[in-house]
Amino acid sequence: MSALIDRWAEQVRSCDIRAVSRAITAIENHAADAEPLLKSLFPHTGAAYLSGITGAPGTGKSTIVDRLAAHYRKANQRVGVIAVDPTSPYSGGAILGDRIRMQSHAGDAGIFIRSMATRGFLGGLSRATAEVALVLDAAGKKRILIETVGVGQDEVDIVRLADCVLVVLVPGLGDDIQSMKAGLMEIADIFVLNKADREGADRLEEQLHAMLSLVMPRDGWHPPVIRTVATENLGIEALAGAIEKFRAHFEASGQREKKHREHWKNRLLDLLEARLVEQVLHGTEGEKKLDRLAAEVSQRRKDPYSAVSELLAGADVLR
Ligand SMILES: Nc1nc2c(ncn2[C@@H]2O[C@H](COP(=O)(O)OP(=O)(O)OP(=O)(O)O)[C@@H](O)[C@H]2O)c(=O)[nH]1
Ligand SMILES: [Mg+2]
């Protein structure tokens, strides 16, 4: 087993497409060999720079990701793209999008594109996304772009993984800023005002600047507003430049290190929770017991605290 894992890890590191795909599938399926593989890959990660791109449906995220990827490829940097759609139970739509994208990067082994949907992610979508990012990192992708539709907590968790968070806004959606989730506004390192060819771009930019003037800069960083017309490849250089500037700012201030420590603390807590739950509820017997106890609590035949004690008593947690 371990020799096989080692060989697999070697293949991933040399960016063998099939080995990488197989690793991602193992993560998606929560397969038993995913964890040993990730263990073996982990020492070879940490070199990638992750950018998260989020925003309302249809704002042009995929087009922007595509253009950014092309920009990095021109500079001969290797790119990994992860498109996450938490609203979709299937990755059908996303896969269709992938095919279209793959065409524009056809025959380029320096770019790897993968979609993920909600279906099947037992450990949570953000954990799976983080693990897929590790695989791409180990495979030598120095630029990882994570696209996600910005609607709920899942996306916030996903973009939190990123070193740099881009929030995409477009003119003409009515009261754009007011309707945006406050949480997403807070995590934006860079605002992308896409579809700047449309009417209302100036007004949106003014609104954004007015709003930003009320917000305290985070660690000395003022989120810039970058205007793009992604379909025309306009503003993409400026956007890549803003990402570099943000990266340099954070590296110089030591904030990146702090953010990473915070990130790993959260990840460790998530993994601990997952492992504890797994050990307490292992197998169908555990699930049945959980159902039975939930019924008893809901009928007020048992209090929830005693129910938890009962679950813990039946488990060998200390492994
Ligand atoms: N006019 C104009 N259209 C654009 C621009 N950027 C993207 N579009 C178009 O907007 C539509 C949506 O673009 P996508 O890149 O698929 O948007 P998305 O945010 O990834 O969409 P979802 O993943 O479905 O949320 C497409 O028809 C694009 O061609 C732009 O700058 N200007
Ligand atoms: Mg998209």
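Predicted model: local features only at pLDDT ≥ 70, side-chain atom pairs only at ≥ 80, totals over all residues.
Glu147 is buried, with a relative accessible area of 9%.

Is Ser62 buried or exposed, or does it fall in between? Its relative accessibility is 28%, so Ser62 counts as partly exposed. Glu147, by contrast, has a value of 9%, which is under the 20% limit and therefore counts as buried.

## The surroundings of ligand 1

Ser62 also takes part in the surroundings of ligand 1, where a polar backbone atom of Ser62 is 2.8 Å from an oxygen atom of the ligand. For Thr63, an N or O atom of the side chain is 2.5 Å from an oxygen atom of ligand 1. Ala230 contributes a backbone N or O atom, which lies 3.0 Å from an oxygen atom of ligand 1. On its own, ligand 1 has 660 Å² of accessible area, and the protein covers 66% of that area.

Two elements give two or more residues to the shell around ligand 1: helix H4, residues 61–74, and strand E4, residues 143–149. Which of the elements gives the most to this shell? Helix H4 does, with 3 residues. In total, 15 residues surround ligand 1, and the closest are Gly60, Lys61, Ser62, Thr63 and Asp197. By residue class, the shell consists of 4 nonpolar, 7 polar and 4 charged residues.

## Cysteines and disulfides

A disulfide is a covalent bond between the sulfur atoms of two cysteines. How many disulfides does the model contain when the cut-off is a sulfur separation within 2.5 Å? The count comes to 0 disulfides.

## Positive phi angles in loops

His30 is not a glycine, yet it has a positive phi of about 55°. This residue is placed in the loop between helix H2, residues 17–28, and helix H3, residues 34–41. Its relative accessibility is 32%, and His30 therefore counts as partly exposed.

Asn233 is a further residue other than glycine with a positive phi, in this case near 65°. Where does Asn233 lie? Its place is the loop between strand E7, residues 225–227, and helix H11, residues 236–253. With a relative accessible area of 39%, Asn233 is partly exposed.

## Pairs separated along the chain

Leu4 is located in helix H1, which spans residues 2–13. Is Leu4 buried or exposed? Its relative accessible area is 59%, which is over 50%, so Leu4 is exposed. The C-alpha atoms of Leu4 and Leu37 are separated by 9.6 Å, while the two residues are 33 residues apart along the chain.

Gln255 is part of helix H12, residues 255–280. Its relative accessibility is 15%, and Gln255 therefore counts as buried. Between the C-alpha atoms of Gln255 and Asp219 the separation is 7.7 Å, with the two residues 36 residues apart along the chain. Leu311, found in helix H14 (residues 304–313), is buried, with a relative accessible area of 13%. Leu311 and Leu293 are 18 residues apart in sequence, and their C-alpha atoms are 8.8 Å apart in space.

Notes. Residues numbered from 1 in each chain as written. Chains lettered and ligands numbered in written order. Heavy atoms only, no water. Near = heavy atom within 4 Å. Polar contact = N/O pair within 3.5 Å; in protein donor to acceptor, adjacent residues only side chain to side chain. Areas by Shrake-Rupley, 256 points an atom, 1.4 Å probe, with all protein chains shown as cover. Helix = DSSP H or I, 4+ residues; strand = E, 2+ residues; numbered from the N terminus. Nonpolar A, V, L, I, M, F, W, Y, C, P; charged D, E, K, R; others polar. Buried < 20%, exposed > 50% of the residue type's maximum accessible area, 1.4 Å probe, protein only. Disulfide = S-S within 2.5 Å.
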